[in-house]
Amino acid sequence: MHDGQWPLWEVFIRSKQGLDHKHAGSLHAADAAMAIENARDVYTRRMEGVSIWVVESKYIHASNPDEASSLYDPANDKVYRHPTFYDLPDELKHM
Amino acid sequence: MGYPAHIEYALHLADNAMILGHRNSEWTGYGPILEQDIALSNIALDLIGQSRYLYQYAARLIGSDTTEDILAYGRDAWDFRNCLLVEQDNGDWGKTILRQFLFSAWQFYFYGQLLHSQDRELAAIAEKSLKEVTYHLRWSSEWVIRLGDGTEESHARMERALDQLWKFTGELFVPAGYERALSVAGIAVDLTPLGPMWRGRVEEVFAEAQLSLPDAAWMQRGGKEGRHTEHLGYLLAEMQFLQKTYPGCEW
């Protein structure tokens with residue numbers, strides 16, 4: 001149905017309980033106003049959200065999957081970066 | 001068939017919403033792009049939802065064994081009380097958009113007034129529907145501007161659509177007999193002050209869309225009293241086919 005002329009947009013939705021906008025998917029639109037309206041119609045029909053962000057997909061820069069081992073593997077053996085070595089008093093909840 | 005004014009009024013409002021909802025649903029699967037296919041189908045569902053509340057209310061007023069389904073599927077074209085604008089054929093995307101815009105702008109001000117009806121049921125339906133219509137108006141306004149102020153081709157198509165649809169807008173502001181009777185009682189909306197509000201909004205959007213208001217003086221009417229254009233018959237033939245062939249059929 002689509003002739004490929006309209007740019008692609010990434011859609012981020014914040015749910016009622018959510019604190020942050022989460023990536024919901026992508027869609028086509030001629031400009032930002034239409035992208036927000038399309039996002040409303042495509043991604044919030046089942047009460048998924050109360051706030052919408054859109055950004056043109058071309059402005060998203062991604063890390064290179066080929067570099068995954070050098071980027072992420074070195075964190076594997078650095079357990080001391082997790083704050084799990086503290087003795088917490090019993091009264092302290094939700095930590 | 002002639003019901004008391006109160007029932008005719010509920011049917012008039014229900015038929016308006018249902019027929020336009022059905023028209024829009026004819027686009028489902030055929031929209032120019034996926035996102036707009038969904039957008040128009042959402043609007044169709046909103047309108048059919050509004051018509052259900054109104055048909056259920058009318059059915060309660062009629063009493064006996066009448067149901068919303070009997071009212072939607074069991075009446076003939078001359079029983080329908082919708083305005084002529086909503087039954088016009090879809091044409092191209094531009095005509096569908098313009099029809100939606102002209103009607104949503106009317107519904108927006110209309111429901112805004114129906115909120116103050118002495119009939120609490122109608123007022124409650126208006127309150128719920130107004131939120132939906134506010135979005136329909138916003139969505140269709142954006143599209144009128146986009147197409148009117150778009151390419152040479154899209155502008156020409158919008159002018160052609162305007163030519164075809166404008167003559168059906170006059171009826172929106174001329175009360176039928178049942179409306180006159182009910183507006184004295186504060187139940188029906190007084191349509192007279194709606195005209196300038198509607199025209200103001202249409203002019204505003206048209207100015208941005210580089211479209212000008214036609215000055216055609218002749219307006220066709222009759223839909224609200226059951227005198228319809230040929231298009232309604234075809235629409236009903238398709239919409240009511242199953243229930244007329246297998247009355248009361250459920251699945």
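## Order of elements in chain A

From the N terminus on, chain A runs β-β-α-β-α. That makes two helices and three strands. The model is a predicted one.

## The sheet of chain A

The three strands of chain A form an open sheet. Their order in the sheet is β2-β1-β3, and the pairing is antiparallel. Strands β2 (22–28) and β3 (51–56) of chain A are the edge strands. Each of these two pairs on one side only. Neighbouring strands are turned against each other by 30 degrees on average, direction ignored.

Now take one pair of strands. Strand β1 of chain A covers residues 8–14. Six bridges join β1 to β3(A), and the two run antiparallel. Which residue of β3(A) is the bridge partner of A:Ile13? The partner is A:Ile52.

Helix α1 of chain A, residues 32–43, packs on this sheet. The helix touches β1, β2 and β3 of chain A. Its direction makes about 130 degrees with that of β3(A).

## Overall form of chain A

Chain A has 95 residues, and its radius of gyration is 20 Å. For a compact globule of 95 residues, the value would be near 12 Å. The C-alpha atoms of chain A fill a box of roughly 60 × 40 × 20 Å, taken along the principal axes.

How much of chain A is buried? Buried residues make up 17% of its 95 residues. Now consider the contacts in chain A with a separation of 6 or more. Residues 24 or more positions apart account for 46% of them.

## Where chain A meets chain B

In this model, 11 residues of chain A are in contact with nine residues of chain B. On the chain A side, β2 and α1 each supply at least two residues. The largest share comes from α1(A), with five residues.

What classes of residue make up the side of chain A that touches chain B? Five are nonpolar, three are polar and three are charged.

## Chain B: helices throughout the pattern

Chain B has 11 helices and zero strands. Along the sequence, its pattern reads α-α-α-α-α-α-α-α-α-α-α. The radius of gyration of chain B is 18 Å, close to the 18 Å that the globule rule gives for 251 residues, so chain B is as compact as a globular protein of that length.

The C-alpha atoms of chain B fill a box of roughly 55 × 45 × 30 Å, again along the principal axes. Buried residues make up 41% of the 251 residues in chain B. Take the contacts in chain B between residues at least 6 apart in sequence. Of these, 76% join residues at least 24 apart.

## A closer look at one helix of chain B

Helix α2 of chain B spans residues 34–62, which is 29 residues.

Conventions: Residues are numbered from 1 along each chain as its sequence is written. Chains are lettered from A and ligands numbered from 1 in the order in which they are written. This is a predicted model: local features need pLDDT of at least 70, side-chain atom pairs count only at pLDDT 80 or more; totals for chains, interfaces and linings use all residues. Helices (H or I, at least four residues) and strands (E, at least two) are DSSP runs, numbered from the N terminus. The radius of gyration is taken over C-alpha atoms; the globule rule is 2.2 Å times the number of residues to the power 0.38. A residue is buried if 20 or more other C-beta atoms lie within 10 Å of its own, exposed if 12 or fewer, and partly exposed in between; C-beta atoms are placed from the backbone. Two residues are in contact if their C-beta atoms, placed from the backbone, lie within 7 Å. Two strands pair if DSSP finds at least two bridges between them. Axes are lines fitted to C-alpha atoms, for helices over the stretch in contact, and angles run from 0 to 180 degrees between N-to-C directions. Ala, Val, Leu, Ile, Met, Phe, Trp, Tyr, Cys and Pro count as nonpolar, Asp, Glu, Lys and Arg as charged, and the others, Gly among them, as polar. The expected span of a helix is 1.5 Å times one less than its number of residues.
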